[in-house]
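Take a look at the fold below.

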Amino acid sequence: MLNRMTKLALGLALPLALLASGPAEAEIRDQTIKFASANNKGHPQVTGMEKFAELVNEKSGGKINVKLFPGGTLGGDVQTVSALQGGVIEMTVLNAGILASNAKEFGAVDLPFLFNSGEEADKVMDGPFGTGLMERLSDTGLVGLAYWELGFRNLTNNRHPVTKLEDIKGLKIRTIQSPIPVELFNSLGANAVPLPYTELYTALETGTVDGQENPAANILNAKFYEVQKYMTLTRHQYNPQIVLISKKFWDGLNDEEKAVLKQAAVEARDFQRKVSREQDAGALEEIRKTGMEVSELSPEETQRLRDAVKPMIDKFSADIGQETVQALFKEIGAVRGQ
């Protein structure tokens, strides 16, 4: 009797032990993820992608392979978003504001002069406001995993130094393909020209546009200093980037696989932001060394730019939704202890 009971206990204990001790990797299937972006290797965006790929490989026991396609090789940002929605590409990382055409509330992060620092932006984007934006994507064929950063945008041009508001008037400035940046530069007196990032260098080189606006790391990485003479530290807009995955692909993953990708995106986020901020500071020094003339706006001129764009902020707040914009400013106030 004892033998029979012992055998029965052992028989039950073995599968239970296997269930308890079985590695998470047992749930994960072999698969490859195509991860596309607009920036070139060496840019903080791509460095973050490389870290993500490394973490996914490690967490999945080598079963999930993330194949990187930087430099716009699979198309510009708008094209890549469509490819994610169709399930042709699995992942991308891009400026969160570009998603305003998919979910209007994302336009809020494109509003000018929002944040005083990257750390301030982190708290807002990682908190309830950023999470709430991601939830707006549920019907768009996209899933958000984490927010990385591109950083503060600055103006460059090939015609003359910009040290005051009037200097911007009449400049043809390339902007990202999103309504708020277009309206922002039109409000400042420029002629905004929305173009894919992949076409920007050629547009500057051929004189199709006089200038552009991007963080210092982009200006250095894309070698815009070769085709631009003047840079102004306007810091007119901060770009959080969003790591996206195709909902078609996501819905086919099991919980273990989803957890691996989500955790890797968040861990890579902290690394990517650190790299981005270090590179931004270093990039400015390197840009100066190339011979570009770098100007800074006085506090008075910065305030004049802020005043000039107030009407467009009011206009877009109505389009985005007053509730969303109010929630954003409330959270920024809370972060500042106001």
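The walk starts with a word on the model itself. This is a predicted model: local features need pLDDT of at least 70, side-chain atom pairs count only at pLDDT 80 or more, and totals for chains, interfaces and linings use all residues. Residues are numbered from 1 along each chain as its sequence is written, and side-chain values use heavy atoms, with hydrogens and water left out.

Find helix H3, residues 77-85. Helices (H or I, at least four residues) and strands (E, at least two) are DSSP runs, numbered from the N terminus. The buried residues of H3 are Asp77, Thr80, Val81, Ala83 and Leu84. Buried means under 20% relative accessible area, exposed over 50%, partly exposed in between (1.4 Å probe, protein chains only). Just after H3, Gly87 takes a positive phi of about 80°.

Now go to the largest nonpolar core, which has 53 residues. Such a core is a set of buried Ala, Val, Leu, Ile, Met, Phe, Trp, Tyr and Cys residues joined through side-chain atoms within 4.5 Å. Leu99, Phe106, Phe115 and Ile242 have the most contacts inside it. Helix H11 gives the largest share, 6 residues.

Next come the charges. The structure holds 25 salt bridges. In each, a side-chain nitrogen of Lys or Arg lies within 4 Å of a carboxyl oxygen of Asp or Glu. Glu213 pairs with Arg153, their closest N and O atoms 2.7 Å apart. Glu213 lies in strand S7 and Arg153 in strand S4, so the pair ties together parts 60 residues apart in sequence. Glu213 is buried, at 0% relative accessibility. Arg153 is buried, with a relative accessible area of 0%.
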